[in-house]
Each structure stands twice: as C-alpha cells, then as structure tokens.
Amino acid sequence: MTVPTAKKPAARRKPRPKPCPDCNGTGEITETVRVGARKGRATDNRQTGLCLTCWGSGEATTD
C-alpha cells in the first residue's frame, strides 16, 4: 500500500527582463568605421562600443 505524498510547491522564478532593443541583449553595439573629413568614406572595419540605451547591461529600460 502506497501513501500519497504531498505535492511540492512550484519554485517561483523571477521574471526575466526583456533584452535591450538596440543591442539585442549583448550590451555592445558595433559601428562602421568612417574615414575622411568631408565625405566620411565607410571602411570594412568595425568598432564596438558600449550600448548607451542600456549602459551595457543588456536589459531593456522600463519607462
């Protein structure tokens, strides 16, 4: 004869924050490097920088 056991309460999880729409949750943004004073010719090189929308956290800000 088996005795039914009580169910364990479900673990509560914190809701995950939405990823930043500008950097897709990475915290960094890549930009094309431009050369030249007037026309700003784009090169094949890329430069990474801190995402200014989420300040590098990768989480969307709640407004």
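**Note on a predicted two-stranded model**

1. Ile29 stands opposite Gly49 in S2.

2. As to the overall content of secondary structure, the protein chain has 2 strands and 0 helices. Its radius of gyration is 23 Å, whereas the globule rule gives 11 Å for 63 residues; the chain is therefore more spread out than a compact globule. Along the principal axes, the C-alpha atoms fill a box of roughly 85 × 30 × 10 Å.

3. Burial and surface may be taken together. Of the 63 residues in the protein chain, 13% are buried. The accessible surface amounts to about 6400 Å², and carbon and sulfur atoms contribute 51% of it. With regard to contacts in the chain at a separation of 6 or more, 40% are between residues 24 or more positions apart.

4. The hairpin of S1 and S2 has 5 residues between the strands. Within this hairpin, Gly36 adopts a positive phi near 115 degrees. A positive phi is also found at Asn24, where the value is near 55 degrees and the residue is not glycine. In general, most residues other than glycine have a negative phi. Asn24 belongs to the segment before S1. It is an exposed residue, because its relative accessible area of 62% is over the 50% cut-off.

5. Strand S1 covers residues 28–35 and includes Val33. Is Val33 buried, partly exposed or exposed? Val33 counts as partly exposed, because its relative accessibility is 24%, and that class lies between the cut-offs of 20% and 50%. Beyond its neighbours within four places in sequence, Val33 is in contact with Arg41, Ala42, Thr43, Asn45, Arg46 and Gln47. Thr5 is 28 residues from Val33 along the chain, and the C-alpha atoms of these two residues are separated by 64 Å.

6. Strand S2 runs over residues 41–50. It is hardly covered, since the number of buried residues among its 10 residues is 1. Asn45 has its place in this strand. Which residues does Asn45 contact when its neighbours within four places in sequence are left aside? They are Glu31, Thr32 and Val33. Asn45 and Lys18 are 27 residues apart in sequence, with a C-alpha to C-alpha distance of 30 Å.

7. Thr48 is a further member of strand S2. Its contacts, apart from neighbours within four places in sequence, are with Glu28, Ile29 and Thr30. Arg13 is 35 residues from Thr48 along the chain, and 33 Å separates their C-alpha atoms.

8. Leu50 is likewise found in strand S2. With a relative accessible area of 49%, Leu50 is partly exposed, because exposed residues must have over 50%. Leu50 takes part, with Leu52 and Trp55, in a nonpolar surface patch of about 400 Å².

How values were computed:
Residues are numbered from 1 along each chain as its sequence is written. This is a predicted model: local features need pLDDT of at least 70, side-chain atom pairs count only at pLDDT 80 or more; totals for chains, interfaces and linings use all residues. Side-chain values use heavy atoms; hydrogens and water are left out. Patches are made of residues with over 30% relative accessible area and no salt bridge: like charges are joined within 9 Å, nonpolar side chains (Val, Leu, Ile, Met, Phe, Trp, Tyr) within 5 Å. Accessible areas come from the Shrake-Rupley method with a 1.4 Å probe; for residues, only the protein chains shown count as cover. A salt bridge is a side-chain nitrogen of Lys or Arg within 4 Å of a carboxyl oxygen of Asp or Glu. Helices (H or I, at least four residues) and strands (E, at least two) are DSSP runs, numbered from the N terminus. Buried means under 20% relative accessible area, exposed over 50%, partly exposed in between (1.4 Å probe, protein chains only). The radius of gyration is taken over C-alpha atoms; the globule rule is 2.2 Å times the number of residues to the power 0.38. Contact means heavy atoms within 4.5 Å. Two strands pair if DSSP finds at least two bridges between them.
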